Amino acid sequence: MALPWVLAVSSLLPLLDAQSLTCTSYTVPITNATLDQISGKWFYIASAFHSPEYKESVSKYKASFFYLTPNHTEDTLWLREYATIGDNCTYESSYLTIYRENGTLLKYEDGKGHYGHLMIPKDHRTFMLAAFPEDPQKIGLSFYADKPEVTPEQMEQFYEDLRCRGISKSEVIYTDDKKDLCKPLEKQHEEERKKENERARKDTALD
């Protein structure tokens, strides 16, 4: 299952008469500092898309959180996503390709490339990804935070960025961490990684 924000994009959409709004610009380029900033655990909070196809896709998500681990030398992000869809927890591990110069992340799924423009607000405890910024009929934004509950100020920044790009607040689809079913699987994976690390340390000590 792809992340809601992993969608095809190719260029930037000019801001729509947003002099009175505090609009987040697209991050160009992506630096090592940017990658370190988005490293770690994040929660998918909300999104809004004009594309009916992607709107239907994100509407299935009840809750989602994920981990990003950057590789600076290979320009990749290791993505581990836990998503509650319907009454099931799904887990996916994959790699995103980083395009530093134009500030995009690329993921391949079913032989098709999907892009997202990285956007970093002033509050670095959040970030956004833009999809189809060149197409008002498909444009969308997804919003992520380092905690499952965001502040009113953080949410308002997301709403402002939607307005900047001609997307109505009424189009937003929200998640609810209370409906998350993946925490047991996350705990299981953490325990498995601890055991693997312990075995690796023992093997190194024997060598």
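Colleague: Quick one to start. In β8, which residue is the bridge partner of Leu-129?

Modeller: Ser-142 is the bridge partner of Leu-129 there. Keep in mind that this is a predicted model.

Colleague: How many bridges join β7 to β8, and which way do they run?

Modeller: Six bridges join them, and the two strands run antiparallel.

Colleague: What about β6 and β7?

Modeller: Strand β6 covers residues 112–119, and three bridges join it to β7. That pair runs antiparallel.

Colleague: Is β7 buried or exposed?

Modeller: Strand β7 spans residues 126–131, and six of its six residues are buried.

Colleague: Which residues of β7 point which way?

Modeller: Thr-126, Met-128 and Ala-130 point one way. Phe-127, Leu-129 and Ala-131 point the other way. All of them are buried.

Colleague: OK, over to β1. How many of its residues are buried?

Modeller: Eight of the ten, so β1 is largely enclosed by the rest of the structure.

Colleague: Which strands does β1 pair with?

Modeller: Strand β2 is one of them, antiparallel over four bridges. Six bridges join β1 to β8, which is residues 140–145. Two bridges join β1 to β9. The β8 pairing is antiparallel, and so is the β9 pairing.

Colleague: New topic. How many disulfides are there?

Modeller: The count comes to two. One joins Cys-23 to Cys-164, with the sulfurs 1.7 Å apart. Another joins Cys-89 to Cys-182, at 2.2 Å from S to S.

Colleague: Is the Cys-23 and Cys-164 disulfide left-handed or right-handed?

Modeller: The torsion about that S-S bond is about -75 degrees, so the disulfide is left-handed.

Colleague: Where do Cys-23 and Cys-164 lie?

Modeller: Cys-23 lies in the segment before α1, and Cys-164 is in helix α3. The pair therefore ties together parts that are 141 residues apart in sequence. Cys-164 is buried, with a relative accessible area of 0%.

Colleague: And what is the handedness of the Cys-89 and Cys-182 bond?

Modeller: Its torsion is about 120 degrees, so this disulfide is right-handed. Cys-89 lies in strand β4, while Cys-182 is in the loop between β9 and α4. The two are 93 residues apart in sequence, so the pair ties together those parts.

Colleague: Are Cys-89 and Cys-182 buried or partly exposed?

Modeller: Cys-89 is partly exposed, at 28% relative accessibility. Cys-182 is buried, at 0%.

Colleague: What is the pairing if I number the bonded cysteines in sequence order?

Modeller: The pairing is 1-3, 2-4.

Colleague: Last topic, salt bridges. How many does the structure hold?

Modeller: The structure holds ten. Take Glu-186 and Lys-41, whose closest N and O atoms are 2.9 Å apart. This pair links distant parts of the chain, 145 residues apart. Glu-186 is in helix α4 and Lys-41 is in strand β1.

Colleague: Are Glu-186 and Lys-41 buried or partly exposed?

Modeller: Glu-186 is buried, with a relative accessible area of 7%. Lys-41 is partly exposed, with 30%.

Colleague: Which residue does Asp-75 meet in a salt bridge?

Modeller: Arg-100, at 2.7 Å from N to O. Asp-75 lies in the loop between β2 and β3, and Arg-100 in the loop between β4 and β5. So the pair ties together parts that are 25 residues apart in sequence. Arg-100 is partly exposed, with a relative accessible area of 21%.

Colleague: What about Asp-123?

Modeller: Asp-123 forms a salt bridge with Arg-125, the closest N and O atoms being 2.8 Å apart. Asp-123 is partly exposed at 22% relative accessibility. Arg-125 is partly exposed too, at 42%.

Technical notes: Residues are numbered from 1 along each chain as its sequence is written. This is a predicted model: local features need pLDDT of at least 70, side-chain atom pairs count only at pLDDT 80 or more; totals for chains, interfaces and linings use all residues. Side-chain values use heavy atoms; hydrogens and water are left out. A salt bridge is a side-chain nitrogen of Lys or Arg within 4 Å of a carboxyl oxygen of Asp or Glu. Buried means under 20% relative accessible area, exposed over 50%, partly exposed in between (1.4 Å probe, protein chains only). A disulfide is a pair of cysteine sulfur atoms within 2.5 Å. Two strands pair if DSSP finds at least two bridges between them.
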